[in-house]
Amino acid sequence: MGFGDLKPAAGLRVLNAFLADKSYIEGYVPSQADIAVFEAIAGPPPAELFHALRWYNHIKSYEKQKASLPGVKKALGKYGPADVEDTTGAATDSKDDDDIDLFGSDDEEESEEAKKLREERLAQYESKKSKKPAVVAKSSILLDVKPWDDETDMAKLEECVRSIQADGLVWGSSKLVPVGYGIKKLQIQCVVEDDKVGTDMLEERITAFEDYVQSMDVAAFNKI
């Protein structure tokens with residue numbers, strides 16, 4: 001069970017369907033599972049596979065920190081849909097909807113009949129996924145926004161942060177937290193829809209206010 005070759009279009013469609021109701025390959029935070037799958041992809045998925053593309057862009061933002069992400073990297077086949085039977089090297093005639101062979105043989109020379117069967121089963125799997133009710137995945141994020149010095153106008157800094165508007169982004173409560181030498185950082189809460197807003201976008205938009213903002217860090221990240 002799990003993912004097969006993710007470089008062909010068929011493999012990317014499986015990944016897209018798998019991520020339709022998930023933000024990460026495993027759990028609720030980026031991990032070595034995401035890195036293992038990310039490295040198995042040749043490049044960004046096409047725009048129509050928006051779940052996979054959203055996940056790809058988000059994990060790409062952790063490229064410099066990938067070694068520090070939690071978990072132990074496993075073989076690619078250990079990740080992916082639990083209801084997909086891995087029949088590599090073996091034929092199957094099962095008609096059970098829960099055991100769908102998406103990839104068939106690993107032989108480079110694939111017969112037309114085997115290719116057609118694989119495509120039909122892939123379409124069947126995606127049809128099953130599409131019938132499931134859409135789940136809007138949301139996360140609660142606590143951000144630390146640090147000023148340049150103790151003379152920075154923190155009221156103006158917070159005004160700039162809250163001026164950032166996007167579909168799927170709602171700002172919450174905030175407070176100023178001392179960090180030393182008379183300097184205070186802005187700690188602000190927000191709720192985001194995972195498919196629409198990521199931490200990389202927030203960091204880019206917030207640090208653009210370079211007259212007030214020195215840096216932005218994610219203090220806490222929780223799925224809702």
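Biologist: Which side chain does Asp 194 meet in a salt bridge?
Modeller: Lys 223. The N to O distance is 2.0 Å. Bear in mind that this is a predicted model.

Biologist: Where do Asp 194 and Lys 223 lie?
Modeller: Asp 194 lies in the loop between strand 3 (183-193) and helix 6 (199-207). Lys 223 is in strand 4 (residues 213-223).

Biologist: Is Asp 194 buried or exposed?
Modeller: Buried, because its relative accessibility is 10% and the cut-off for buried is under 20%. Lys 223 counts as partly exposed, at 24%.

Biologist: What else does the Asp 194 side chain join in a polar contact?
Modeller: The side chain of Ser 139, at 2.7 Å.

Biologist: Where is Ser 139 found?
Modeller: In strand 1 (residues 138-147). Ser 139 counts as buried, with 0% relative accessibility.

Biologist: Which residues does Ser 139 touch, leaving out those up to four places away in sequence?
Modeller: Cys 190, Val 191, Val 192 and Asp 194 are among them. Phe 221, Asn 222, Lys 223 and Ile 224 are touched too.

Biologist: Switching topic. How many salt bridges does the structure hold?
Modeller: 14.

Biologist: Take Glu 159 next. Which side chain does Glu 159 meet in a salt bridge?
Modeller: Lys 156, at 3.5 Å, N to O.

Biologist: How far apart are Glu 159 and Lys 156 in helix 5?
Modeller: Three residues. Helix 5 covers residues 154-162, and that spacing means the two are separated by about one helical turn. Glu 159 is partly exposed, with a relative accessible area of 48%. Lys 156 is also partly exposed, at 30% relative accessibility.

Biologist: And Lys 22, what does its side chain meet in a salt bridge?
Modeller: The side chain of Asp 21, at 3.1 Å, N to O.

Biologist: What relative accessibility does Lys 22 have?
Modeller: 28%, so Lys 22 counts as partly exposed. Asp 21 counts as partly exposed as well, at 38%.

Biologist: Last one. Which residues are linked in a network of salt bridges?
Modeller: Arg 13, Arg 118 and Glu 119.

Terms used. Residues are numbered from 1 along each chain as its sequence is written. This is a predicted model: local features need pLDDT of at least 70, side-chain atom pairs count only at pLDDT 80 or more; totals for chains, interfaces and linings use all residues. Side-chain values use heavy atoms; hydrogens and water are left out. A salt bridge is a side-chain nitrogen of Lys or Arg within 4 Å of a carboxyl oxygen of Asp or Glu. Buried means under 20% relative accessible area, exposed over 50%, partly exposed in between (1.4 Å probe, protein chains only). Helices (H or I, at least four residues) and strands (E, at least two) are DSSP runs, numbered from the N terminus. A polar contact is a pair of N or O atoms within 3.5 Å; within protein, one must be able to donate a hydrogen and the other to accept it, and residues adjacent in sequence count only if both atoms are side-chain atoms. Contact means heavy atoms within 4.5 Å.
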